[in-house]
Amino acid sequence: QVRLVESGGGLVQAGGSLRLSCAASGRTFSSYAMGWFRQAPGKEREFVARINWNGDSTVYADSVKGRFTISRDNAKNTVYLQMNSLKPEDTAVYYCGRPVVAFQDGGFGYWGQGTQVTVSS
């Protein structure tokens with residue numbers, strides 16, 4: 001069974017930074033891409049960033065490119081999202097996700113419980 005647990009959310013002023021973490025259970029973490037998604041009130045969940053299984057390829061949504069950085073530590077079964085220059089429009093619940101199939105960049109089917117990020121203006 002896959003378990004993903006996010007942490008690191010909170011309240012920050014515009015221009016500030018936060019670092020989200022997502023700890024994954026299981027011994028096959030390094031075989032899977034990982035991603036971050038977010039959902040703002042009244043909106044659908046949207047893609048934020050993705051990192052491939054070994055960490056040498058990353059993809060970002062245009063809205064966060066240059067401000068957010070996704071990374072992973074396979075020895076710790078953890079993926080991170082460093083968020084800098086935060087804006088009020090970044091306010092959302094942030095979810096960690098994992099694809100169902102190993103070594104695939106899409107097909108996310110497992111999710112954490114989410115962590116709230118609130119950016120005040």
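**Stop one: the salt bridges**

Four salt bridges turn up here, where a salt bridge is a side-chain nitrogen of Lys or Arg within 4 Å of a carboxyl oxygen of Asp or Glu. Before you click, know that this is a predicted model, in which local features need pLDDT of at least 70 and side-chain atom pairs count only at pLDDT 80 or more, while totals for chains, interfaces and linings use all residues. Residues are numbered from 1 along each chain as its sequence is written, and side-chain values use heavy atoms, with hydrogens and water left out.

Start by selecting Arg38 and Asp90. They form a salt bridge, and their closest N and O atoms sit 2.9 Å apart. This pair links distant parts of the chain: Arg38 belongs to strand S4 (residues 34-39), while Asp90 is in the loop between strand S8 (78-83) and strand S9 (92-99), 52 residues apart. (Strands are DSSP runs of E with at least two residues, and helices are runs of H or I with at least four; both are numbered from the N terminus.)

Are these two residues buried or exposed? Arg38 is buried, with a relative accessible area of 5%, and Asp90 is buried too, at 1%. Here buried means under 20% relative accessible area, exposed means over 50%, and partly exposed is in between (1.4 Å probe, protein chains only).

Asp90 lies in the loop between S8 and S9 and Arg67 in the loop between strand S6 (58-60) and strand S7 (68-73), so the pair ties together parts 23 residues apart in sequence. Arg67 counts as buried as well, at 11% relative accessibility.

Now bring in Glu46: Arg38, Glu46, Arg67 and Asp90 are linked in a network of salt bridges.

Next, jump to Lys65 and Asp62. Their side chains meet in a salt bridge (3.0 Å, N to O), and both residues are exposed.

**Stop two: the disulfide**

How many disulfides are there? The count is one, taking a disulfide as a pair of cysteine sulfur atoms within 2.5 Å. In general, a disulfide is a covalent bond between the sulfur atoms of two cysteines.

Select Cys22 and Cys96 to see it: the S to S distance is 2.1 Å. The link is left-handed, with -75 degrees about the S-S bond. Cys22 is in strand S3 (residues 18-24) and Cys96 in strand S9, 74 residues apart, so distant parts of the chain are linked. Check the burial to finish: Cys22 is buried at 0% relative accessibility, and Cys96 is buried at 0%.
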